[in-house]
Amino acid sequence: MDKEERKIINQGQEDEMEIYGYNLCRWKLAIVSLGVVCTGGFLLLLLYWMPEWRVKVTCVRAAVKDCEVVLLRTTDEFRTWFCAKIRFLSLETPPFSSSKSLVNKVSNGHAVHLTENLAEENRLEMNKYSQPQSQQIRYFTHHSMKYFWNDTLHNFDFLKGLDEGVSCTSIYEKHSAGLTKGMHAYRKLLYGVNEIAVKVPSVFKLLVKEVLNPFYIFQLFSVILWCTDEYYYYAIAIVIMSVVSIISSLYAIRKQYIMLHDMVAAHSTVRVSVCRVNEEIEEIFSTDLVPGDVMVIPLNGTVMPCDAVLINGTCIVNESMLTGESVPVTKTNLPNPSVDMKGTRDELYSPETHRRHTLFCGTTVIQTRFYTGELVKAIVVRTGFSTSKGQLVRSILYPKPTDFKLYRDAYLFLLCLVGVAAIGFIYTIINNILNEVEVGDIIIESLDIITITVPPALPAAMTAGIVYAQRRLKKVGIFCISPQRINICGQLNLICFDKTGTLTEDGLDLWGIQRVENARFLLPEEKVCSEMLVKSQFVACMATCHSLTKIEGVLSGDPLDLKMFEAIGWILEEATEEETALHNRIMPTVVRPPKQLLPESVPAGNQEMELFELPAVYEIGIVRQFPFSSALQRMCVVARVLGDRKMDAYMKGAPEVIAGLCKPETVPGDFEKVLEDYTKQGFRVIALAHRKLESKLTWHKVQNVGRDAIENNMDFMGLIIMQNKLKRETPAVLEDLHRASIRTVMVTGDNMLTAVSVARDCGMILPQDKVIIAEALPPKDGKVAKINWHYADTITQSNDSSAIDPEAIPIKLVHDNLEDLQVTRYHFAMNGKSFSVILEHFQELVPKLMLHGTVFARMAPDQKTQLVEALQNVDYYVGMCGDGANDCGALKRAHGGISLSELEASVASPFTSKTPSISCVPNLIREGRAALMTSFCVFKFMALYSIIQYFSVTLLYSILSNLGDFQFLFIDLAIILVVVFTNFFVVSVIMLYAFMLFIMLHPVDSIDQVLQIVCVPYQWRITMLIIILVNAFVSIAVEESLDWWGKCCLSWALNCRKKMPKAKYMYLAQELLVDPEWPPKPQTTTEAKALVKENGSCQIITIT
């Protein structure tokens, strides 16, 4: 194959595709047209269903750069084909360039991403995109995304904005000034209208698409055949059923389109203000926005029409549409590296990495904060379907096919039925020829055997269980945007749970504080709201280091921050618009204690303690906020006490992280022991730190300084101890899952020992179970990566916590007889850093750790996704239950993701529970198993029904007879539809048996006449009944005995062959049973030693 004929687009991404070039061939097209006429249009239908055939039979291969049509194939396991037509976009002369230079600038047809220099954008960038001697760009559209030809890459690529390849420095230096009107018009030509267009197809278009479904085409073929054979009643019944099915399907599809359109169209077109290069403010429609526009965020908030990075001011944003998390999020301006003291100039901007500075499309800006009368500005980075909301809508419009073994087996069985039908087809022709039947009857009867063998209602019947399960789930408050996943949820055998807000309550209660003075811990204190502490740096940190804001006069924000702020009893005041405009450099947020806490007189003896030289009015203004980051596990603020010359930096976060950023001499020597004591009791511990900033750090510099310049050389101030209680239903739900042999795993951002304690409290780790902590260290100073194995104590406290009994580690008792092997249960626990090191340097250990890993603490959002993938790699069917905020990636990656959100249709995961409780997990698994069993039984029932009818009709054909019209009608309507499509299976079967016994033993002339039943003597009917009962008894006895003997023989055969199970985790579990080196003993170290000669694998060396 010529390399020019095959390319890869979206390489390394989820939607990676192969692309092939084709040109239209006229003589092939003529032959195909003739074939369409000769086959009565059937060939056209076949080509409509098979896009790769359509392209291959009408086109010839061509180089991708010169082709007229592209053929696309996904590189995943589904290998789905798509085709698209190449189009041309004509470019006009940009206002800042001559027409002569345009030929060189717009000659190859492509615009992948914007350059950092606006004036040179066309000269440099567009040179890649055009073809010589032309002013047209070649592109095609696939799944609402445009792909342009790039001569530099020699491939098609989609249009990018400022979200890739643009540094944070250039965001400020080259893009913050805005666009000229000419450049804006030019970019709009390339990027198109900024809208997420969900077109609602017309009823006629939907009808044509639905009718051309292979199922309905087969139904149409059957109806025509039956009418020819004078089966009018049956044909009319099938037509009525098909019409009802089509109408209901059209109604459901159109309703979904309208709902999605309304959701997307809401606030999609608003008037926005943008800044131009000459500092002119222009008001335009949001549909006219392009990447590079500087958008002014209005004071009263707005719904974001695009993705934009904040460069000036602060915004309070509700991101519930994207994450399902209703707590408002504070967004601050992107740090300007050019004024940063450390100068991180080379950092590239990324919406995911810098999501705390990015306003995402579809989210609601509730309030804005600004300084010195400046406008709150944001640079547009992505528009249309490239935005986060656009990508979400694309995933709904074009869902990935569901890979499920049951469906694959169903299609394989249908192929087998087609083979059986072919045998019957040939038999019927031969039998009728031998009996000298007319040619017309031979054709009709031979084709009729195909419609009998292949049940056309099978696809619809198999979805019946899913439909009923979805209805039942909706009644218990679980909503689904991907119904096909309900069946997959029936096979879930491992559930990952987030901790805070999922297993435990959202709210945290302040248990107490433990301050540090002179690098020593003071005694724990319960009351924080006191006169003695009111002016301490500890309380000042609690008062300022948060992301709280007032929305309509009510304090709102993160629950932890709310509890912490309420505990000190301070007052938060925010500057109004008038105050900000009137005063220069007014603090946007001010906190102060209530007057009753302030002492009447203020001592002024000590000249060094500036804090106690303050006037009676004691206020602290928050100058700059660095929001909490899951990756960094901390947040920081810069504040200034009223009347103080120097500013203060306050920081709070994970104790291990905060201690590492503090001066070693300020951290108590027993820090780790004190922290361990609290975390073992299940408390959530937060550390505080403080430092005085240099006087040269002015207000203006603080607004642009990077957080790395602030968050170092801090003074450790102490710990806040929060109590996080288990939800009432958590232990019972986990016990139900354990009884059902479903593994449970905790994935949290909290401290490891706290997580282990909660895991023991909720029953995830039983009291007698052992916990092994894997502490992995990356390579350093020429030393290889290693894992230190520690034994985690039980909840019972020991005076000597460092004394570990080496014999207490779970040891497998090795016996000669494998069946007598006894194993003490053990669990692995690790933090996010260790997990990353193990993934990178200990690939051989990953499956073993996944088999018994139960607690994963301090996990960043991307690490949660990696954990789900690692569990799936050992063949677990993984469910994920979280609050939707930091778990979006894991919720989407899991086989069944459940978001605990109040939103009815949170797009953060396939399933959304309105009840914020994990009780939804057993409900989902239960309904999944019910739907799966229903689908499986319906599949067997329909297959058996078609085979029975096939043999019945074949035998009747042998005596030149057939079933009557009403007999077919009774079988397909009364027996099949009532049994398959009703929710009362047992009742339906009993009623059918009662009716058939009645007409057999007590025939009614009118019924016999309608059903064309021959009334045989009474003795014959009794004989038939006895034969039926004996046959039923023998069938049941044979089936039960076959099941029993089959299990016995199969287990015996498996034991003889020692065949290992198919699932990797089960295979691995059996291997580890006889591995004397696993699990690792406590106080040992496992080192990874890279071996170049053996595929770069690792040599595991255990050192005691």
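Mentor: Start with a term: a residue is buried when its relative accessible area is under 20%, exposed when over 50%, and partly exposed in between. Keep in mind that this is a predicted model. In helix α19, the buried residues are Gln537, Phe538, Val539, Ala540, Cys541, Met542, Ala543 and Thr544.

Trainee: Why is helix α19 called largely enclosed by the rest of the structure?
Mentor: Because eight of the eight residues in α19, residues 537-544, are buried.

Trainee: Now the rings. How many aromatic pairs are there?
Mentor: The structure has 16 aromatic pairs. Trp149 and Phe156 are both buried.

Trainee: What makes Tyr950 and Phe951 an edge-to-face pair?
Mentor: Rings pair if their centres lie within 6.5 Å, and planes over 60 degrees apart count as edge-to-face. The centres of Tyr950 and Phe951 are 5.3 Å apart and the planes are at 70 degrees, so the pair is edge-to-face.

Trainee: And why is Tyr950 called buried?
Mentor: Its relative accessible area is 6%, and the cut-off is under 20%, so Tyr950 is buried.

Trainee: How do you know that Phe951 is partly exposed?
Mentor: Phe951 has a relative accessible area of 49%. Exposed would need over 50% and buried under 20%, so Phe951 counts as partly exposed.

Trainee: Which residues do ring pairs link into a cluster?
Mentor: Phe140, Tyr147, Trp149, Phe156 and Phe158.

Technical notes
Residues are numbered from 1 along each chain as its sequence is written. This is a predicted model: local features need pLDDT of at least 70, side-chain atom pairs count only at pLDDT 80 or more; totals for chains, interfaces and linings use all residues. Side-chain values use heavy atoms; hydrogens and water are left out. Rings of Phe, Tyr and Trp (its six-membered ring) pair if their centres lie within 6.5 Å; planes under 30 degrees apart count as stacked, over 60 as edge-to-face and the rest as tilted. Buried means under 20% relative accessible area, exposed over 50%, partly exposed in between (1.4 Å probe, protein chains only). Helices (H or I, at least four residues) and strands (E, at least two) are DSSP runs, numbered from the N terminus.
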